[in-house]
Amino acid sequence: MLQILNELFYNMNTKLLTIFFSALLGIFLISCGGRQTETESTEWKSSGDPAIDQLTQKISERPNDPTLYAARAGLYYEKEGYDEAIQDLQKALSMDSTNVQYLHVLADVYLDYYKSREALETMEKAAVLYPTKIPTLLKLSEFQVILKKYQESMRTIDRVLQIDPQNADAYLMFGLNFKEQKDTVRAINSFQKAVELNPDLIDAWINLGQLHAGLGNKIAARYFDNAILIDPKSVASLHAKAQYLQDKNDLKGSIELYKKINNLDPQYEEAYYNTGLLYLDLDSIAKAQQAFDLAIKVNPTFVQAYFYRGVAAELQGKKTQAKSDYEQALKLAPDYEKAREALEQLQ
């Protein structure tokens, strides 16, 4: 569930965070420019990140400015410094307790830090403070879906529709609720209503494609194509279509889409990994190994990529490399049985 929602909401959340923190950084950097004296620079300890250090230095000069703490929290969040991000956001909220954007970001940090209770409580607080703010209610509904609180989520969506009966995102959220509860008919109807209200709603088109594909309906391809047509650079749309082609046994077509994804986003590790799996199916072993190499380069802790790179190496007779990859997979995930079995058979 979490994986599905992360994919669907990734673009939206990333853009919002980028815009928010870019604006904050711009404001204080313009208003507070100037070289610091040697005395001032010794009042803080370097983090090793120039952008964070610059903010820390500004905070030492203006300790009562919540925007500085919020901006630094954003940088910590990007680097997965969750404790530091939470501390800074709580400091910002202690100065500006009703800032809804701070609450939204704090909830995101908690959720990514596997603190789901705190994440939900933060969004519930935001909804109490702003009971008619639609983006806040939609985000609360999203968190409720992620945490499988479906009835609460749908009640929150009803609140949105009372304010705006034609809100497309509300019907998208209804669709996600029904989809997770395996109510395919009502999920399709909800997503269809969402695209009728907003034909540019990519997430709804993707979900329609996935649901129709699950039913074996050929129209699924058209829904994926609609999503790509709206934004040809949408990684989520391209990935969904690639998975569809893979399921339809169009392996070469799927590979081409994964390559397109990596041209758009060279850090998208799953595209490299899936390409490697498809090359294995096509018996293009050397190409498969190259793809797994790229996945590991992006993410050195990608357990499955190590395992399948070992498989590719073993198929090529490179037993020493295969052994090394199986051992690395087990080092990262000691309970990974496939790697353990492969290593035992190799030895």
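## Surface and overall make-up

Accessible areas here come from the Shrake-Rupley method with a 1.4 Å probe, and for residues only the protein chains shown count as cover. By that method the protein exposes about 17900 Å², and carbon and sulfur atoms supply 50% of this area. Please keep in mind that this is a predicted model, in which local features need pLDDT of at least 70, side-chain atom pairs count only at pLDDT 80 or more, and totals for chains, interfaces and linings use all residues. Residues are numbered from 1 along each chain as its sequence is written, and side-chain values use heavy atoms, with hydrogens and water left out.

The protein has 20 helices and zero strands (DSSP runs numbered from the N terminus: H or I of at least four residues for helices, E of at least two for strands). Of its 347 residues, 49% are buried (under 20% relative accessible area, 1.4 Å probe, protein chains only).

## Helix α8

Helix α8 covers residues 134–146.

In α8, 12 of the 13 residues are buried, including Leu-137, Lys-139, Glu-142 and Phe-143. Just after the helix, Lys-148 takes a positive phi of about 65°.

## The α14 and α15 pair

The axes of α14 (residues 235–247) and α15 (residues 251–264) come within 8 Å and cross at roughly 160° (axes are lines fitted to C-alpha atoms over the stretch in contact, with angles from 0 to 180 degrees between N-to-C directions). That makes the two helices roughly antiparallel, a term for angles over 145 degrees. The contact (heavy atoms within 4.5 Å) involves, among others, Leu-238 and His-239 of α14 and Leu-257 and Tyr-258 of α15.

Methods. The expected span of a helix is 1.5 Å times one less than its number of residues. Buried means under 20% relative accessible area, exposed over 50%, partly exposed in between (1.4 Å probe, protein chains only). Angles under 35 degrees count as roughly parallel, over 145 as roughly antiparallel, 65 to 115 as roughly perpendicular and the rest as oblique.
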